Amino acid sequence: LIVSRRFGPLFWTQFLSAFNDNALKNALVLMIAYRPEVAGGWSPGIVIPLAGGLFILPYFLCSATAGVLADTTDKAWLARVIKFVEIFVMLTAAAAVLLGHAGWILALLLAMGVEAAFFGPLKYAILPDLLHPHELLLGNGLIEAGTFLAILLGTIAGVLIAGEHGGAVIAVLIVAVAIAAWGSSTRIRP
């Protein structure tokens with residue numbers, strides 16, 4: 001199913017987005033933990049948990065609205081819009097990483113959380129439109145497995161911030177992956 005025209009674009013859109021969210025979140029955590037000047041005087045002991053909380057908060061605040069929107073709108077079109085917006089969020093995040101501005105990255109983690117919260121219900125709601133009934137369990141399993149693998153790989157990729165020119169590498173990576181996720185989303189069938 002991962003390479004099929006029916007399911008593959010959704011899988012890769014979700015995979016790339018989860019990778020990107022976690023690469024940026026982990027890069028921020030490492031920036032704050034190991035470069036105190038980036039934290040702007042804020043305690044890493046406060047900012048690091050705050051980063052996780054800001055990313056998760058929109059799931060509590062937006063998921064119900066996102067579910068209603070996914071039920072009342074063409075899901076493929078909505079996925080494309082969400083992923084297009086993600087490109088601009090990641091462009092701004094790339095600038096914040098390059099400038100070493102933790103406050104902006106925290107705000108962008110909140111924006112990424114909103115974007116992810118709106119994509120969450122959609123990725124499951126569209127499965128019955130893309131898959132045959134006997135494929136739904138496999139499709140759900142692949143989305144979940146892909147998401148957790150992307151979280152792991154994105155978390156590892158965030159370590160790139162620690163290398164020479166790490167900020168530039170992360171900046172290029174998150175923008176390129178956001179563009180790839182949007183490109184993949186354009187192939188999701190209406």
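## Buried side of helix H2

Helix H2 buries Val 47, Ala 51, Leu 54, Phe 55, Pro 58, Cys 62, Ala 66, Gly 67 and Ala 70. Buried means under 20% relative accessible area, exposed over 50%, and partly exposed in between (1.4 Å probe, protein chains only). The cover over these residues includes helix H1 (8-34), H3 and helix H4 (102-125). Contact here means heavy atoms within 4.5 Å.

This is a predicted model: local features need pLDDT of at least 70, side-chain atom pairs count only at pLDDT 80 or more, and totals for chains, interfaces and linings use all residues. Residues are numbered from 1 along each chain as its sequence is written, and side-chain values use heavy atoms, with hydrogens and water left out.

H2 runs over residues 44-72 and has 29 residues. Helices are DSSP runs (H or I, at least four residues), numbered from the N terminus. From first C-alpha to last, H2 reaches 42 Å, close to the 42 Å expected at 1.5 Å a residue. The expected span is 1.5 Å times one less than the number of residues.

H2 also has a kink of about 60°, centred on Cys 62. The bend at a residue is the angle between axes fitted to the seven residues ending there and the seven starting there. Cys 62 is one of the buried residues of H2.

Lys 75 belongs to helix H3 (residues 75-99). Lys 75 counts as buried because its relative accessibility is 14%. Its side chain reaches the backbone oxygen of Ala 70 at 3.4 Å. Beyond neighbours within four places in sequence, Lys 75 touches Ala 70, Leu 122, Ala 125, Ile 126 and Asp 129.

Ser 185 sits in helix H7 (residues 166-185). Its relative accessibility is 0%, so Ser 185 counts as buried. Leaving aside neighbours within four places in sequence, its contacts are Thr 13, Ala 79, Arg 80 and Lys 83.

## Aromatic rings

The whole structure holds 7 aromatic pairs. Rings of Phe, Tyr and Trp (its six-membered ring) pair if their centres lie within 6.5 Å; planes under 30 degrees apart count as stacked, over 60 as edge-to-face and the rest as tilted. Phe 11 and Phe 15 are stacked, at 6.1 Å centre to centre with 20° between the planes. Both lie in helix H1, 4 residues apart, about one turn of the helix. Ring pairs link Phe 7, Phe 11, Trp 12 and Phe 15 into a cluster.

Methods:
Helix = DSSP H or I, 4+ residues; strand = E, 2+ residues; numbered from the N terminus. Polar contact = N/O pair within 3.5 Å; in protein donor to acceptor, adjacent residues only side chain to side chain.
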